[in-house]
Amino acid sequence: KLSDKQQVLFTNFVETKLQEITNKLEIIRSDDALRSLPDYILVQNAEMPELHLNEGLKADKYEENIINAILKYQLEYFQSLDTSKIKHMILKDIAQITGLDASVVSRAIKAKQIQTESGTFSFKSLFSESIKTKSGEEVSGLVIKNKIQDFIKSEDKAKPLSDQKLTGLLYAEGYLIKLRTVTKYRMQLGIPSTRKRKTKQAFQV
């Protein structure tokens, strides 16, 4: 049996530990809440759009320069939010502008999110391989993905477009893209194959 003094010491010890646990849980909940927020918010100004760091978040040593470089590189897109305006961009492009190594750029944008009027997306999604056009220009793979989505949204549900037909439609619009690339993009978009889309439609009829 504990003495009165021991009981007081034990009670104080337990209360102290419970408070420590409570404080840690509050920190974890706070961190989770911050992680659920977009890192940057696009503010549309008349002259120049701006990317504002969300309140409560802190940019690392090089992040501000990297984010500003991305904003300027993709200025036409951020001004219009028209995905067809997204320029082909790789890590090396931003690394050259900022004078940093590509690995530093990659770490700075890792898991970073942007909130815009048209939705929230990752900085990483702005970086992609390029696709050449018949005129010799290069466009972002994101442009092609949007085209694929548009084609499939408007397809005859009873006769879904195959990857080969999608490739032909893209070629007709001037994009020099291979069948395997179309298949890869469709899969990355989470769009089922022709057979599965047709089967799904059959069950819905």
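Two strands count as paired if DSSP finds at least two bridges between them. The model shown in these views is predicted.

**View 1. Four strands make up an open sheet.** Read across the sheet, the strands come in the order β2-β1-β3-β4. Their pairing is mixed. Strands of a sheet pair through backbone hydrogen bonds, and the pairing may be parallel or antiparallel. At the edges lie β2 (50-53) and β4 (119-122), each of which pairs on one side only. From one strand to the next, the twist averages 30 degrees.

**View 2. Strands β3 and β4 form an antiparallel pair.** β3 covers residues 113-116 and is joined to β4 over four bridges. Within this pair, Gln 115 stands opposite Thr 120 of β4.

**View 3. Helix α2 packs on the sheet.**

**View 4. Helices α4 and α5 pack against each other.** Helix α4 covers residues 91-98, and helix α5 covers residues 102-109. Their axes are 8 Å apart and meet at an angle of about 105 degrees. Angles of 65 to 115 degrees count as roughly perpendicular, so α4 is roughly perpendicular to α5.

**View 5. Residues from both helices make the contact of α4 with α5.** Helix α4 contributes Leu 91, Ile 94, Ala 95 and Thr 98. Helix α5 contributes Ala 102, Val 105, Ser 106 and Ile 109. Of the residues in this contact, six are nonpolar and two are polar, with no charged residue.

Technical notes: Residues numbered from 1 in each chain as written. Predicted model: local features only at pLDDT ≥ 70, side-chain atom pairs only at ≥ 80, totals over all residues. Heavy atoms only, no water. Helix = DSSP H or I, 4+ residues; strand = E, 2+ residues; numbered from the N terminus. Axes fitted to C-alpha atoms, helices over the stretch in contact; angles between N-to-C directions. Contact = heavy atoms within 4.5 Å. Parallel < 35°, antiparallel > 145°, perpendicular 65-115°, else oblique. Nonpolar A, V, L, I, M, F, W, Y, C, P; charged D, E, K, R; others polar.
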